[in-house]
Amino acid sequence: MTATKIDGTVIAKDIRERIAGEIRKKQQTNPRYQPSLTIIQVGGRDDSSTYVRMKLKAAEEANITCELKQYPEDITEAELLEHINKLNSDPTIHGILVQLPVPKHISEHAVTSAVADEKDVDGFGAINIGELAKRGGHPLFTPCTPKGVMVLLKETGVDLSGKNAVVIGRSDIVGSPVSYLLKNADATVTVCHSRTQGLEEIVKRADVVVAAIGKPGFVKGGWLKEGAVVIDVGTNYISDESKKSGKRLVGDVDYESAVEVASHITPVPGGVGPMTVAMLLQNVVDSATTYFDKQKARHITPLPLKLKQPVPSDIAGPTFGIKGGAAGGGYSQVIPMDEFNLHLTGDIHAITAANNLLAAAIETRMFHENTQKDGPLYKRLVPAKKGKRAFVPVMFRRLKKLGIDKTNPDELTEDEIHRFARLDIDPETITWRRVLDVNDRHLRGITVGQAPTEKGQTRETGFDISVASECMAVLALSNDLSDMRERLGRMVVASSRSGDPVTADDIGAGGALTALMRDAIKPNLMQTLEGTPVFVHAGPFANISIGASSVLADKLALKLAGTEPDEDHNEKTGFVVTEAGFDFTMGGERFFNIKCRSSGLVPDVVVIVATVRALKVHGGGPEISAGAQLPEVYRTENVEILRKGCVNLKKHIQNAKHFGVPVVVAINKFETDTEAEVEALREEAIAAGAEDAIAANHWAEGGKGAIDLAKGVMTAS
């Protein structure tokens, strides 16, 4: 009998075409779906380069983005690992393949293990191999060649269950993984190698033979059982003067003799080789699909609450002031509260450092301008280094502002030098004060410059709290790092004596401020007591600034709560609640007029938080003093005073409705509130134009106490 040739080339072509079609189909509903593979090659061995070219060509045919990153032979292992880590962090890359072999000074195990498990499309990582070896394991990816072997076996139509399979070769790349897959298919598997005794007799009993031993023509036709299925994984070059290269590729099986005995056999070349590449592409597609599926798998497992009555006091977080730390209270608060109220990730410290650096730069610039003539001052600003003077990049911003288009410092005229070097700041116009994140009222007004080294150049200034710094407002409004850099540079800190605005970039500090705040731009992810994700990021002082969390936190939250293009938006979309500090006049209007214009985002609903107690104050109730007992009117029912105070709430609702966004009033319930008072407040709010006014008792009940409010917000949106 003559064996049927298992044509891996044809099968692989069909797989590539199928993959390309599937990608195009998914892109119709989700244009972001684009599987991507990165191949890492160190050095340029001819055999490796041949394999790489095959993969690049096949990926193109399959509609998969494939990039080759080539590194020199002498790259260090540490450098290579750093590059791999960067690729691991790139969400647009779904597969990373390290083309083997690597130079001897680099650990093959180290670099293959460095590839993230979810991008290990070669399937050689410890997690994938380990899961494959386990009975019932779940590898993220099956190694490409073994996976291709199983597809070829499937093409023969042979039912592997109960069959006697022999694998010749025990490598971690082919032999061992193939044996695991055959076992999982319920075959009885024997793994042999070059030193196995009685190898010929063992092969003779096999229904399926997989040869991966790396020896040309090792398995003879006479070894095979009549009708056996033979998969030849070998890739061996032997001399052949008839070939242009002087060699040809053969397998581990003597094809001419084996084809007369076997029922099915793979040729070399044209058998397993093309399938290995096809399976690599399939793994990349599987990785991309898994990635996009994870984007849709938005699920939060709530942390259980054990409600107590009365509600216990909040966590004793050190807040160093009477106002508390703005982390919520009762069963509705952000945790861990101690971290929240202390250093957290150091954002406020970074703001403080940046703000005070700029303050120091202002003083220093005035000192040097007041104590030097134009020539020496210019030389200080643009010193010669190794006999050559050059403007640093930030200086070109000031040159452009002055209308000077010269790039050589030596070409400026005396007038241009004067205008460039002298900011001529009017001390009376300086708006930039120092800041501190500790309550110290004695620093609100200070005199600086009293040291003898300052040569009598004193002036009065003071400290604000750190969150009042314009650096904090910039952090809140920035869309990305480069945007923050530009905004910091544009901050006006004073005016010149001729009335021109002086900016941080005029002083040359914009880049330095950005460097100090580069990590502060990253939102901080925390959670509520019940496990709801909370971004804590930026805190521009609501008294004088926008009182809102950052644009970046909003956008990141919207991305996490949002939908992919191929999802049902109305069914799957989530909700993001973002704060605009204080009342609508201060927080709300600044949110719409400043933050929304900066971010381009428009809210769907405005939620105005009101309390019976506060509205009674507006209705003429007695003054509340910190630490003193509440007057009786705030502890007992008084609908009349409450209704008088609702004129304040009415104005807030009107202000909000001017922006064309529906309004819901959240009645933040206290245990002293009566049903009659809550109902009266609700009537007044709806009469003023609110969509609804809903009592919420989340302080005492956690999320359960705000379900009705949440439903009302969803309805209004």
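## Ground rules and confidence

Residues are numbered from 1 along each chain as its sequence is written, and side-chain values use heavy atoms, with hydrogens and water left out. Because this is a predicted model, local features need pLDDT of at least 70 and side-chain atom pairs count only at pLDDT 80 or more, while totals for chains, interfaces and linings use all residues.

Where pLDDT is low, the predicted coordinates should not be read in detail.

## The cavity

Rolling a probe the size of a water molecule over the atoms shows where empty space is left. The search uses a 1 Å grid over the protein atoms alone: a cavity is a set of points where a 1.4 Å probe fits but cannot get out, and a pocket is an open set with protein on both sides within 12 Å along at least five of seven lines. Lining residues have an atom within 4 Å of a point. Grid points are joined across faces, edges and corners, and a volume is the space filled by probe spheres set on the points.

One cavity of 30 Å³ or more turns up in the structure, and the volume of the largest cavity is about 50 Å³. Its lining is made of Ile96, Leu97, Val98, Thr112, Val115, Asp120, Asp122 and Phe124. Strand S4 (residues 95-98) gives the largest share of that lining, three residues. By type, the lining has five nonpolar, one polar and two charged residues; Ala, Val, Leu, Ile, Met, Phe, Trp, Tyr, Cys and Pro count as nonpolar, Asp, Glu, Lys and Arg as charged, and the others, Gly among them, as polar.

## The second largest pocket

With a volume of about 1300 Å³, the second largest pocket is lined by 49 residues. Nearest its centre lie Tyr51, Thr145, Val233, Thr235 and Thr276. Helix H2 gives the most to this lining, with seven residues, and S4 is one of the elements that each supply at least two. The lining divides into 23 nonpolar, 16 polar and 10 charged residues.

## Salt bridges

The whole structure has 35 salt bridges (a side-chain nitrogen of Lys or Arg within 4 Å of a carboxyl oxygen of Asp or Glu). One of them joins Lys57 and Glu61, at 2.7 Å from N to O. Both residues lie in helix H2 (residues 46-61), four residues apart, about one turn of the helix. Lys57 is exposed at 52% relative accessibility, and Glu61 is partly exposed at 36%; buried means under 20% relative accessible area, exposed over 50%, and partly exposed in between (1.4 Å probe, protein chains only).

Another salt bridge pairs Glu416 with Lys406, at 2.9 Å from N to O. This pair links distant parts of the chain, 10 residues apart: Glu416 is in helix H15 (residues 414-421), and Lys406 is in the loop between helix H14 (395-401) and H15. Glu416 is buried, at 13%, whereas Lys406 is partly exposed, at 23%. Elsewhere, salt bridges connect Arg397, Arg485, Glu486 and Asp505 in a network.

## Cysteines

There are zero disulfides (pairs of cysteine sulfur atoms within 2.5 Å) in the structure. Cys144 is in no disulfide, and the nearest cysteine sulfur, that of Cys66, is 12 Å away. Cys144 is buried, with a relative accessible area of 3%, and Cys596 is buried at 11%.

## Backbone features

Most residues other than glycine have a negative phi, and most peptide bonds are trans. The peptide bond from Val268 to Pro269 is cis, with omega near 0°, and Pro269 lies in the loop between strand S11 (264-265) and H10. Gln309 and Pro310 are also joined by a cis peptide bond, with omega about -5°.

Asn63, which is not a glycine, has a positive phi of about 65°. Asn63 sits in the loop between H2 and strand S3 (65-71) and is partly exposed, at 25%. Asp424 has a positive phi near 55° and is found in the loop between H15 and strand S16 (434-436).
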